Amino acid sequence: MNMVIIRNVALVSLILLFHGLEIYARPATFQQDFKVTWADSHLKLVEGGRAIQLILDKNSGCGFASKYKYIYGRISMKIKLVAGDSAGTVTAFYMNSDTDTIRDELDFEFLGNRTGHPYTVQTNIFAHGKGNREQRVNLWFDPSADYHTYSILWNHKQIVFSVDEVPIRVYKNNEAKGIPYPKSQPMGVFSTLWEADDWATRGGLEKIDWRKAPFFAYYKDFDIEGCVVPGPTTCASNLINRWERPPYQTLNPTQAQRYQWVRSNHLIYDYCTDKSRYPVPPLECHV
Ligand SMILES: *[C@@H]1O[C@H](CO)[C@@H](O)[C@H](O)[C@H]1NC(C)=O
């Protein structure tokens, strides 16, 4: 099954880009860049091979991951989330160093909800083994009605999570002020769909309704620009790489305005203001 998926999919074509000194690989086909990591039987090619369907039923969830790791870059995917009653389901899209003790991780987790109630996007950042930096926003559209673009930018200056190009979270590199920042470990790209009704929806109050199973999420248009590991060792420090250039070093005024709009209108949880967890907010919350 695995092999079948792999042979038929050509989601994007392999291009090696040379821009002056910059050399990086863009992702190729699902077969070249991704592998099924959990439950082959629950991943299917759909839309004429252009998209992947992830299936969650009582037997299993499923997942896939990039074959390579990347150090710095910009990754994006179009995702259509579980429709209807998705309470208790979690769809995730994240980067992870896959190291046990000093894990770095950048997470998007989409927490399902009862029909008609808003999906929640939870983001988290692990730097040098420490996470617990959850933020949650409710989406301003129905993410199960159509594909939307979710992206993670990671460069020397900042990490930005965006939804349809709207920044929903920014984590600046403030290492100079003693704040941990992921910078030396390459990370792979992962996606999963699974059941987490013990915590996901209204803190675990809303349970998954298995009568509505199977649940489906869809992914397409994978795009990864980044320094592939193993690859040229000079890539990660090359500030000419597109994702390192000035437009990616800070938010521009339009992005900053949209980010403020999200924070004012859609932010529903921020660990920085959670006094019960952090009587003294972590250092990165002040700067
Ligand atoms: C689900 O809907 C409820 C009620 O509208 C809302 O409070 C909550 O933030 C939504 N998301 C999750 C994941 O529970």
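## A well-covered strand

Strand 15 (residues 188–195) is mostly covered, with six of its eight residues buried. Here a residue is called buried if 20 or more other C-beta atoms lie within 10 Å of its own, exposed if 12 or fewer do, and partly exposed in between, with C-beta atoms placed from the backbone. Strands (E, at least two residues) and helices (H or I, at least four) are DSSP runs, numbered from the N terminus.

Before going further, a word on what you are looking at. This is a predicted model, in which local features need pLDDT of at least 70 and side-chain atom pairs count only at pLDDT 80 or more, while totals for chains, interfaces and linings use all residues. Residues are numbered from 1 along each chain as its sequence is written.

You can find both pairings by looking at single residues. Phe 93 stands opposite Ser 191 in strand 15, and Gly 63 stands opposite Thr 192 in that strand.

## Cys 62 in strand 6

Cys 62 belongs to strand 6, which covers residues 62–66. Cys 62 counts as buried because it has 24 C-beta neighbours inside 10 Å.

Leaving aside neighbours within four places in sequence, Cys 62 is in contact with Trp 38, Ala 39, His 42, Leu 43, Leu 54, Ile 55 and Leu 193. Contact means that the C-beta atoms of two residues, placed from the backbone, lie within 7 Å. Asp 40 is 22 residues away from Cys 62 along the chain, yet their C-alpha atoms are separated by 7.4 Å.

## Two annotated glutamates

UniProt, in an unreviewed entry, places the feature "active site" at Glu 105 and Glu 109. UniProt positions are given in the numbering used here, feature names are shortened, and annotations may be inferred rather than shown by experiment.

Are they buried or exposed? Glu 105 has 20 C-beta neighbours inside 10 Å and therefore counts as buried, whereas Glu 109, with 19, counts as partly exposed. Not counting residues up to four places away in sequence, Glu 105 touches Tyr 94, Met 95, Asn 96, Ser 97, Phe 126 and Gly 131. With its neighbours within four places left aside, Glu 109 is in contact with Val 90, Ala 92 and Gln 122.

Asn 113 sits in the loop between strand 9 (105–111) and strand 10 (120–126). The unreviewed UniProt entry gives the annotation "glycosylation site" for Asn 113. Asn 113 counts as buried because 22 C-beta neighbours lie inside 10 Å.

The ligand is surrounded by Leu 111, Asn 113, His 117, Pro 118, Thr 120, Asn 138, Ala 200, Thr 201, Arg 202 and Ile 268. Each of these has its C-beta atom, placed from the backbone, within 6 Å of the ligand. This shell divides into four nonpolar, five polar and one charged residue. For these classes, Ala, Val, Leu, Ile, Met, Phe, Trp, Tyr, Cys and Pro count as nonpolar, Asp, Glu, Lys and Arg as charged, and the others, Gly among them, as polar.

## The chain as a whole

Stepping back, the protein chain has three helices and 17 strands. Of its 287 residues, 37% count as buried.

Methods:
Two strands pair if DSSP finds at least two bridges between them.
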